[in-house]
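Reader: I've got the model open and I'd like to learn how to read its ligand sites and helix packing. Can you walk me through?

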Protein chains: 4
Amino acid sequence: ASSDATNIQTEIRRDGDEYVINGTKWWSSGALDPRCKLFIVMGKTNPESNRHTQQSQIIVEPDMPGVTIKRNLPVFGFDDAPHGHAEIEFKDVRVPVENVILGEGRGFEIAQGRLGPGRIHHCMRTIGVAERALEKMCERLLTREAFGKKISEHSVWEQRVAEARINIEMCRLLVLKAADMMDKVGNKIARTEIAMIKVAAPRMALKIIDDAIQAFGACGVTTDSGLARSYASMRTLRLADGPDEVHNRTIARLEYGKTGARMHAREAAE
Amino acid sequence: ASSDATNIQTEIRRDGDEYVINGTKWWSSGALDPRCKLFIVMGKTNPESNRHTQQSQIIVEPDMPGVTIKRNLPVFGFDDAPHGHAEIEFKDVRVPVENVILGEGRGFEIAQGRLGPGRIHHCMRTIGVAERALEKMCERLLTREAFGKKISEHSVWEQRVAEARINIEMCRLLVLKAADMMDKVGNKIARTEIAMIKVAAPRMALKIIDDAIQAFGACGVTTDSGLARSYASMRTLRLADGPDEVHNRTIARLEYGKTGARMHAREAAE
Amino acid sequence: ASSDATNIQTEIRRDGDEYVINGTKWWSSGALDPRCKLFIVMGKTNPESNRHTQQSQIIVEPDMPGVTIKRNLPVFGFDDAPHGHAEIEFKDVRVPVENVILGEGRGFEIAQGRLGPGRIHHCMRTIGVAERALEKMCERLLTREAFGKKISEHSVWEQRVAEARINIEMCRLLVLKAADMMDKVGNKIARTEIAMIKVAAPRMALKIIDDAIQAFGACGVTTDSGLARSYASMRTLRLADGPDEVHNRTIARLEYGKTGARMHAREAAE
Amino acid sequence: ASSDATNIQTEIRRDGDEYVINGTKWWSSGALDPRCKLFIVMGKTNPESNRHTQQSQIIVEPDMPGVTIKRNLPVFGFDDAPHGHAEIEFKDVRVPVENVILGEGRGFEIAQGRLGPGRIHHCMRTIGVAERALEKMCERLLTREAFGKKISEHSVWEQRVAEARINIEMCRLLVLKAADMMDKVGNKIARTEIAMIKVAAPRMALKIIDDAIQAFGACGVTTDSGLARSYASMRTLRLADGPDEVHNRTIARLEYGKTGARMHAREAAE
Ligand SMILES: Cc1cc2nc3c(=O)[nH]c(=O)nc-3n(C[C@H](O)[C@H](O)[C@H](O)COP(=O)(O)OP(=O)(O)OC[C@H]3O[C@@H](n4cnc5c(N)ncnc54)[C@H](O)[C@@H]3O)c2cc1C
Ligand SMILES: Cc1cc2nc3c(=O)[nH]c(=O)nc-3n(C[C@H](O)[C@H](O)[C@H](O)COP(=O)(O)OP(=O)(O)OC[C@H]3O[C@@H](n4cnc5c(N)ncnc54)[C@H](O)[C@@H]3O)c2cc1C
Ligand SMILES: Cc1cc2nc3c(=O)[nH]c(=O)nc-3n(C[C@H](O)[C@H](O)[C@H](O)COP(=O)(O)OP(=O)(O)OC[C@H]3O[C@@H](n4cnc5c(N)ncnc54)[C@H](O)[C@@H]3O)c2cc1C
Ligand SMILES: Cc1cc2nc3c(=O)[nH]c(=O)nc-3n(C[C@H](O)[C@H](O)[C@H](O)COP(=O)(O)OP(=O)(O)OC[C@H]3O[C@@H](n4cnc5c(N)ncnc54)[C@H](O)[C@@H]3O)c2cc1C
């Protein structure tokens, strides 16, 4: 919902055997898909509790009274149909208590458990999107001519194609490492690697898609090439599931922690 | 139509008192605007002539027989209505000979005369777009909070805001210089400066808009902020009216020319 | 002496008709030059005073008792002779009271007055250094061959040469604007422009010199080309006379100030 | 000796039981080390042969008549003692025929076999240099203050530290992959991966060292921190053992080859 999950405002108030929900949630991805039959809503049940136990997750059905889908939110100019991103208003929505997932105050905990897998899944797709953009770029460069030769023969493109290949390979290996760690030592220990790849992969893909757009000329910015659509979609990944800056903050703090420990050990040894 | 204007394929064949036009032109900007009452079409009247005198420009009316608007070309999902970019087919379109502008074979010459003013006009607008994005970014940073303080107080943003201001100022000065030269010494002599700013300005704006999108979070990529729309529009300027690489090629060749002259003078002096 | 001038530690204590100086100052540029006949030392005369009036500047002669030049500080291995950067120790150095410049507590004020002109002077030289690197780069590219053609014909170099020319021109214009403002409205009002160019010019030059080094191959990193020396010297300018981050901080704060005023005016108007 | 190994000019002419060597070779690394007891010289024995069999490698002893060490070549301002890079002149140096390695015309083949291992060894060291720079940077940021707080608390540094960690990890994985391939499938098949890491690793290290220099302020550019020395040394790796552009060219051509094959297969399938 925000860089800082503790910003969430939606209120989930207990009233007898029900919870009453009030709030607005924009960027509810998938909510517009006709196959979407339930919403998982996060909000504050225990606003007085400590930061990490104020929130709960609760299941809401789209046709419950008080639920209004206000609008679709386009990404750049794409509606991302049929998936879509909805702005949803919850006004005195009444939900039976048993719809709370796991129990009151466990919303943050659930979110934490889910985010690692969600993030790496995005990164895996990102590698694929980048590969596809590189393929398209090379095909274009080898088939289109300008100034009496194939565009690929204007050697600036050698540099860009090579950088693309290098960066895809490096990101792929980091994704594989993170996934392997998730399997072997768990999401918690793998969280630095997940944060790293979450920052690195979308940026890598964006650069390659941008170069591919350039190679395609005007065809790159319109729908024919698929590239502008990929660009828009990858651009959201520098924000969704945590903006770059927030992941970098986490990574840096771990690094500083290691430095502090090292300095301490050195001092102790002296 | 292409990086290399000599790529144009549309045929304009003389037949008695008429010209017969055959070809397809995509990216006809403004053609979809209801106020658009005539098209200026460029094509080859003299395919055997030398490179720069093969083409002519001719006036065509939208409702002449054989003219078909095939579709609108969106830019990153935006239809750019009411302006729009059309793909237009010309099939045996017959136009009276007097519709040729200036005379047969002068198409390239006309294009050359028009491009300088067109390009600088885009660059001027670009400065404005960048200023507006910087304004929006600063307002967002000063009003939104994350992790217990205003985003502006996370000091990475100081660096980005400052870089934005520096780059706007430098581009503005180069636009002013180019415009001043156009007034005083003419478009031909000013063509290097025009090429320079055509490369520098859109890139500068894109970086600032991208940072502003980041500052806005999810709001940045949707229509509410106006930023994604600006991004899409600025991105086309790295292609339209000549891709970056082609302008850079021109600038570099002039630079090499100066170097050659300098080396020659030095040798002569020895 | 530091990003934050209030960090200065050297003590200048009044003792009758004399001041007694204690402290160490590294990076005393020019102190090793045989023509250097006096040092201007800055230190705290009034440590209890407010931040900006604690310090004074005082004239010290190199051969006064207690003055020891400890060593030369090389820059990337260059000794910058005959100029040089010295580490100097002041140990109970006694200086007559009349050597204080302007009066006690005015050190910061003097520094402020001097820094603007010093900074722009560096930026002007920077433009020249960048021009010279671009000249050398073009000469090399036009005369050296690899893979059967001149290096200049590998078109990636067109892009780099053009970017170099564009960036030099933009920085030159910003230097000229800043200088013009200093003349017409004074250093104080021109301080944002001075800060801007102080950040932009060295970075621009470093990129061009780095590309020139690349064009020269191994010759670029050694003394024959002069480029490595230029690189080292320009690199210090991202630190000396205020690191980039500190100037950017100043620029950003002015920008935020304008934003605040604009938001306030808008609210007032509503 | 050059981007393009076929540029080599040194002549190795057969004369009875001896070869007579004439030429100058600068950048003979290690030649100045007192422990260096023999030189391996590459030159043309068969200038009429095809490109890859013109050259031979031959063993020369430093004190043979006609061998003159002309000078040391500093890197930036560092002499890299005791190792050093020498410019060596060979004037009618006579060497017994049995000093030719493997046989006439096999110089290129030997060089090819040696380059892969040499390159990856540099990349492995590069990872270490980058790690060390990151360690130093973090220690400095956590211990030095400016503007009332630790420099690490100015959050722009979080971004830089995190990027450093991400880029080291990605490069490390690519080095490991290349090394693993060399072991398992041989240097020839691993040559793309070696080329990739040869481009990626030095650039990664240079960025981190440059940030570390910035964190150290003036201390970063002088010898105390070791960072300027590391920078100079890493900068040569973008040239030595093949400039970036040449490796990128190789990588791109392989990519274009794959694209061509894919397009061909697709056409065949249709
Ligand atoms: C396409 C898309 C789909 C989405 N789908 C969903 C969904 O299904 N469900 C859901 O709950 N949410 C969804 N989101 C929302 C997403 O989780 C948020 O956009 C994201 O968490 C960022 O929050 P924000 O937009 O409020 O930005 P803000 O929290 O306002 O942050 C704005 C910017 O501030 C900066 N910033 C923040 N902290 C720091 C810091 N410490 N240092 C420096 N800079 C900082 C960053 O640059 C950040 O981008 C979606 C978003 C998008 C774009
Ligand atoms: C929004 C928009 C509006 C437009 N409106 C109009 C209009 O109203 N009328 C009109 O006639 N046209 C219009 N155009 C078309 C525009 O002029 C062309 O897109 C542009 O000239 C580039 O041509 P191309 O798309 O055919 O790209 P190509 O010519 O195929 O070039 C593709 C890429 O090749 C690369 N390339 C080319 N030459 C070199 C080189 N020498 N070295 C290295 N790389 C090179 C560049 O990266 C370039 O981007 C519009 C385009 C857009 C995007
Ligand atoms: C070649 C050379 C010649 C010099 N000559 C002289 C001279 O003649 N006389 C003289 O007095 N001094 C001289 N100096 C010293 C120079 O003024 C200082 O190096 C400079 O002010 C930086 O101070 P510092 O080195 O102590 O770095 P520090 O103050 O320790 O700063 C280190 C780094 O911290 C970071 N930082 C600081 N503040 C912030 C912030 N707010 N946000 C984010 N990051 C921040 C910056 O990246 C900075 O580079 C010279 C320096 C050099 C390199
Ligand atoms: C510290 C150091 C140690 C060395 N030690 C040794 C040693 O022990 N033994 C030894 O034999 N050699 C050694 N060398 C030499 C090294 O191998 C050469 O410097 C390197 O091969 C590049 O050749 P060059 O310097 O002649 O550059 P050039 O071949 O003149 O190339 C200059 C530049 O041209 C550009 N260029 C070339 N081809 C292309 C292309 N296709 N497309 C675009 N741009 C291109 C590149 O930017 C390149 O950097 C050393 C070099 C250094 C810096």
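Author: Start by asking which chains the neighbours belong to. This is a predicted model, and in it the residues around ligand 4 come from chains C and D, so the site is shared between chains.

Reader: Which residues are closest to ligand 4?

Author: C:R140, C:R144, C:Q214, D:S3 and D:S29, out of 29 that surround ligand 4.

Reader: And which elements of chains C and D supply at least two residues each to that shell?

Author: From chain C you have α2 (156-185), α3 (191-216) and α4 (218-221), and from chain D β2 (18-29) and α6 (244-269). β2(D) has the largest share, with four residues. By class, the shell around ligand 4 splits into 14 nonpolar, nine polar and six charged residues.

Reader: How much of ligand 4 does the protein cover?

Author: On its own, ligand 4 has 980 Å² of accessible area, and the protein covers 88% of that.

Reader: Where does ligand 3 lie?

Author: Between chains C and D. Its shell has 29 residues, the closest being C:S3, C:S29, D:R140, D:R144 and D:Q214. Here β2(C) gives the most, four residues.

Reader: Which polar contacts go with ligand 3?

Author: Among them, an N or O atom in the side chain of D:R144 sits 2.6 Å from an oxygen atom of ligand 3. A backbone N or O atom of C:S2 is 3.3 Å from a ligand oxygen atom, and a polar side-chain atom of D:H154 is 3.4 Å from a nitrogen atom of ligand 3. The protein buries 89% of the 980 Å² that ligand 3 exposes when taken alone.

Reader: Now the helices. What numbers describe a packed pair?

Author: The angle between the two axes and the distance between them. Take helix α1 (residues 107-143) and helix α5 (residues 227-236), both of chain C: they pack at about 150°, with axes 11 Å apart.

Reader: Are α1(C) and α5(C) roughly parallel or roughly antiparallel?

Author: Angles over 145 degrees count as roughly antiparallel, and α1(C) and α5(C) are therefore roughly antiparallel to each other. Their crossing is left-handed.

Conventions. Residues are numbered from 1 along each chain as its sequence is written. Chains are lettered from A and ligands numbered from 1 in the order in which they are written. This is a predicted model: local features need pLDDT of at least 70, side-chain atom pairs count only at pLDDT 80 or more; totals for chains, interfaces and linings use all residues. Side-chain values use heavy atoms; hydrogens and water are left out. A residue is near a molecule or strand if one of its heavy atoms lies within 4 Å of it. Accessible areas come from the Shrake-Rupley method with a 1.4 Å probe; for residues, only the protein chains shown count as cover. Ala, Val, Leu, Ile, Met, Phe, Trp, Tyr, Cys and Pro count as nonpolar, Asp, Glu, Lys and Arg as charged, and the others, Gly among them, as polar. Axes are lines fitted to C-alpha atoms, for helices over the stretch in contact, and angles run from 0 to 180 degrees between N-to-C directions. Angles under 35 degrees count as roughly parallel, over 145 as roughly antiparallel, 65 to 115 as roughly perpendicular and the rest as oblique. A crossing is left-handed if the near helix is turned anticlockwise from the far one by less than a right angle, and right-handed if clockwise. A polar contact is a pair of N or O atoms within 3.5 Å; within protein, one must be able to donate a hydrogen and the other to accept it, and residues adjacent in sequence count only if both atoms are side-chain atoms.
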